[in-house]
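The sequence and structure are shown first.

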Amino acid sequence: MSEIQSPEQPKILEEKTDTPEVLPVGEDKPAEEIKVVGIVSQRYSGPIPHPDILRGFEEILPGSADRIIRMAEKQSEHRQEMEKKMVHAEDRDSLLGVIFAFLMGLGCLGVSLAMVLFVPSQAGAIAAAFLGVTGIASITGAFIKNTRSNREKEK
């Protein structure tokens, strides 16, 4: 291969040294030698790109900005729907917990009453008392747990 040489010779720029130029006291450097370097930083956060970036997408592919915005809207709707389902499920679970604790407490109280009536000995009374306390404790525990979880949700 042959290399083609340009008829113009490259210009050699004046080399600058790293040693600072010493100026007499009170004199400033000429304006052409002062350089200002700045850094600009931008930060953007959100479900859709920054408007400048969105404009770039639109220039490259017309209609893409609308598609991106629609996609963000659909994602937002989906997230809100899922949050509603979670809140509904938590409410349902909380209500069912209270209902079943109440039913279990009533069952324990009913069995303890039956034990007192049908087993009149001391062992029957002790077992009935134990079941009765267990039933009341389950109702109280479910109520306290439900109240605490509702307070945490409000915060």
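## Basis

This is a predicted model, in which local features need pLDDT of at least 70 and side-chain atom pairs count only at pLDDT 80 or more, while totals for chains, interfaces and linings use all residues. Residues are numbered from 1 along each chain as its sequence is written, and side-chain values use heavy atoms, with hydrogens and water left out.

## Salt bridges

Side chains of opposite charge can pair when their charged atoms come close. A salt bridge here is a side-chain nitrogen of Lys or Arg within 4 Å of a carboxyl oxygen of Asp or Glu. Across the whole structure, the search finds five salt bridges.

## Helix α1

Helices are DSSP runs of H or I with at least four residues, numbered from the N terminus. Helix α1 covers residues 51-60 and holds both Arg55 and Asp52, three residues apart, or about one turn of the helix. These two form a salt bridge, with 2.8 Å between the closest N and O atoms.

Arg55 has a relative accessible area of 47% and is partly exposed (buried is under 20%, exposed over 50%, partly exposed in between, with a 1.4 Å probe and protein chains only). Asp52 is also partly exposed, at 45%.

## Helix α2

In helix α2 (residues 64-118), Arg70 and Asp66 are four residues apart, about one helical turn. Their salt bridge has its closest N and O atoms 3.1 Å apart. Arg70 is partly exposed at 43%, and Asp66 is partly exposed at 44%.

Lys85 and Glu81 form a salt bridge at 3.6 Å, N to O. This pair is also four residues apart in helix α2. Glu81 is partly exposed, with 43% relative accessibility.

Conventions: Helix = DSSP H or I, 4+ residues; strand = E, 2+ residues; numbered from the N terminus.
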